[in-house]
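Please look over the sequence and the structure shown below, and keep both at hand while reading this report on helix contacts, a pocket and cavities.

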Amino acid sequence: MKISKRTWTLLCAALVLILLGSILAGVFNSGAGAVKVTRISFDGGHGQLSGLLYMPKDASADNPKPTIIVTHGYLNSAEMQDANAIELSRRGFVVLALDQYDHGHSSLDAENYSDSSFFGVWLPFWLNSMNDAVQYIYEQPYVLKDENGNGIIGVTGHSMGGFSSTMALAMDETQYAETGVRKIYASLTEGSDFMYTSLMGIDAATSDALGGGRILGKVAAQYDEFFFNDPNVQGGTVRHKDFVSTPDGMTFLQQSEPAQVNTWYETSDGGRRIVYEPAQTHPWNHFSAETTAYAVAFYTEAFAPYSDGIKDIAPTSQLWQWKEAFECVALVGFVMLIIALASILIELPFFSKAKSGALAVQPSLTGGKKAAICLILTVAVLLPALFFAPLMDEGAGSASVNILFYAGLVAAVAGLAVCVFSLVKKKGAKLTVGACFLLVSGALLAVVAKVPMYSNNAVWTAIGVNSIAYWTIGCAMMSLVIFSAVYVGFKAKEGAGFETYGMVFKPMTILAGLCTAVVTVAAAYAVLFLMDALFKADFRIWTFAFKTFDADILPAILRYLPTFLLFYIVSTASITVNTNTEKLQGAKGYLVAIVLNAGGPILWLAVQYISLFASGVAVWSGSALSGIMLVAMVPTLSVAAIISRNLYKKTGNIWTPAFLNALLMTTMTIANTMVVFR
């Protein structure tokens, strides 16, 4: 066993970064020690609800406090409300950061799904989450009530969490008619209007009528990709907004003409309302000092009559950014830990069989061949961006995706022609094999373009991942076609073989690579679970996060694993053949690897959001959710590229990095999203 000093150094540095980042993240998460943070779980009536309870140390049954429930949007989890939870709790409010049903550590009971259709599994999670949490929190002795038993409770939700909060207000008012007690005192929604609550009969006018004299607010970002649309403006929703000038905005503020932002308005039922309009996108809301300051200012004003024991800290004085920064430090350490653990394992008995010998470094291309390959690689990088919106939003059989169908047929026919030519002219086995790959990959691309995939929600239970999985399969097939075409046109003549791409077909090499990946990911996640248990810290930056999960999502991880494994096999082979050259050793090779993996998504996001902020309308104005999900794909694909390049160089083949990336990124993705039928 020969483990280099450099690997041991990497391991030690990784552990130091993880421990230091987690400890300091925990310090700032607790408001520098002023708040106790615990993970709680309770029966919500429709299933099991979980969340992070932020309890100021002076809160108790003898000293009950105004309490705020904050919750996330579709496909997220409680940790997305870190900013609000930290800043409100350190000022003295009790805060529950809630995992809605089927997100994070919460799950919905099976009988609450109406069926396995999209709406049958999507609607139940947000419909009751906030109301059920209110029923629980109201009964806790540390929650303040007024002399009539009304709860001094605020509800704040982002996106679908905002819809859940709006539904909770309507339910609370209905319950008040029966009990004479209002449990919710105030509500601030972020990134949500009445689009989806209207499906349940709660439109702007109905919500206004059920206001019950409460103090209400909305954060309506000017560049929200989904909501706050003017009904007189046609086209996609990814455009500039001004909610206070829309009919729903005026109804919410009870004004007959466009109102002012950041301005309190008295309402006819004795309440008060306000709208904030930051120049932000939808997901920016929960990673924003400005929006967090609005939340602090709102609840400071709303709970002013109950301000005993609430600290007078300016809304702009915030600590949550430090928690995020140190979790990012731990995230860097986590990636380093994965590389270090895999590097150590492949030096141990049995695991060392994952190594197949050093790959021969290929000479760098020159002249016309270099120009041709660069052009092909540019096309390969652009294709995932060009077909992102069609694959994600339009789906199989759509006009744009049909381009891939015909391209696949052309590739398949070309592959068949070359195969016949090679056999007749006896051009050699390598050209024949390459032609067969072109035939098969072209046919598969055509099938993918025509056949709907991932549509059965009873099987593909991480429903937000299904469009990503389809795009991923599409990208893998496009890459395979390009691979095969380049091999037929260039590589076969050079005598290149499978080994040039890092594909070594030795059963023990493949098995040892798989075992290395499994043990590495398991060990790394064990460290993550330990940091969560000790410091309530995970490893993240904004929407890119490695977080803990419950065992009930393991079946979903296993179902999606083959999809992402296929992608990472192709991706790692591409990185291997295109960066294992004389001129791409060192940092240049890693940069090229990142561009090959993430260049398309980076370009798409740049074009989309530069257009949105510059002109007020995005290029793909109908790509709302898909564009948001792509944001987290950039660091995902970039980290995967680094792991691929590092480990193929150490093992001499693609199997360990491909297995590792597939297992790691599939687990991360499923743990961070909505999983139904648990």
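## Helices H12 and H13

In this predicted model, the residues Lys 430, Leu 431, Gly 434, Ala 435, Phe 437, Leu 438, Ser 441, Gly 442, Leu 444, Leu 445, Val 448 and Ala 449 of H12 meet Tyr 470, Ile 473, Gly 474, Met 477, Met 478, Leu 480, Val 481, Ser 484, Ala 485, Tyr 487, Val 488 and Ala 492 of H13, where contact means heavy atoms within 4.5 Å. By class, this contact of H12 with H13 has 18 nonpolar, five polar and one charged residues; Ala, Val, Leu, Ile, Met, Phe, Trp, Tyr, Cys and Pro count as nonpolar, Asp, Glu, Lys and Arg as charged, and the others, Gly among them, as polar. Helices (H or I, at least four residues) and strands (E, at least two) are DSSP runs, numbered from the N terminus.

The axes of H12 (residues 429-450) and H13 come within 8 Å and cross at roughly 155°, an axis being a line fitted to C-alpha atoms, for helices over the stretch in contact, with angles running from 0 to 180 degrees between N-to-C directions. H12 and H13 are therefore roughly antiparallel to each other, since angles under 35 degrees count as roughly parallel, over 145 as roughly antiparallel, 65 to 115 as roughly perpendicular and the rest as oblique. Their crossing is left-handed, a term used if the near helix is turned anticlockwise from the far one by less than a right angle, while clockwise gives right-handed.

## Helices H13 and H17

The axes of H13 (residues 466-494) and H17 (residues 625-651) come within 12 Å and cross at roughly 50°. That angle makes H13 oblique to H17, and the crossing of the two helices is right-handed. Ser 467, Ile 468 and Trp 471 of H13 make the contact with Met 629, Leu 630, Met 633 and Leu 637 of H17, and these residues divide into six nonpolar, one polar and no charged.

## Helices H1 and H8

For H1 (residues 5-29) and H8 (residues 320-345), the axes come within 7 Å and cross at roughly 155°. H1 and H8 are therefore roughly antiparallel to each other, and their crossing is left-handed. The residues of this contact divide into 23 nonpolar, six polar and two charged.

## The second largest pocket

How many residues line the second largest pocket, and which of them lie nearest its centre? The lining has 42 residues, of which Ile 373, Leu 377, Val 577, Asn 578 and Leu 596 lie nearest the centre. A pocket is found on a 1 Å grid over the protein atoms alone, as an open set of points with protein on both sides within 12 Å along at least five of seven lines, and lining residues have an atom within 4 Å of a point.

The volume of this pocket is about 1000 Å³, a volume being the space filled by probe spheres set on the points, which are joined across faces, edges and corners. H9 (367-386), H13, H15 (554-579) and H16 (587-615) each supply at least two residues of the lining, and H13 gives the most, with nine residues. By class, the lining has 27 nonpolar, eleven polar and four charged residues.

## Cavities

The structure holds six cavities of 30 Å³ or more, a cavity being a set of points where a 1.4 Å probe fits but cannot get out. The largest cavity has a volume of about 80 Å³, and S8 gives the most to its lining, with three residues.

## How the model was read

Residues are numbered from 1 along each chain as its sequence is written, and side-chain values use heavy atoms, with hydrogens and water left out. In this predicted model, local features need pLDDT of at least 70 and side-chain atom pairs count only at pLDDT 80 or more, whereas totals for chains, interfaces and linings use all residues.
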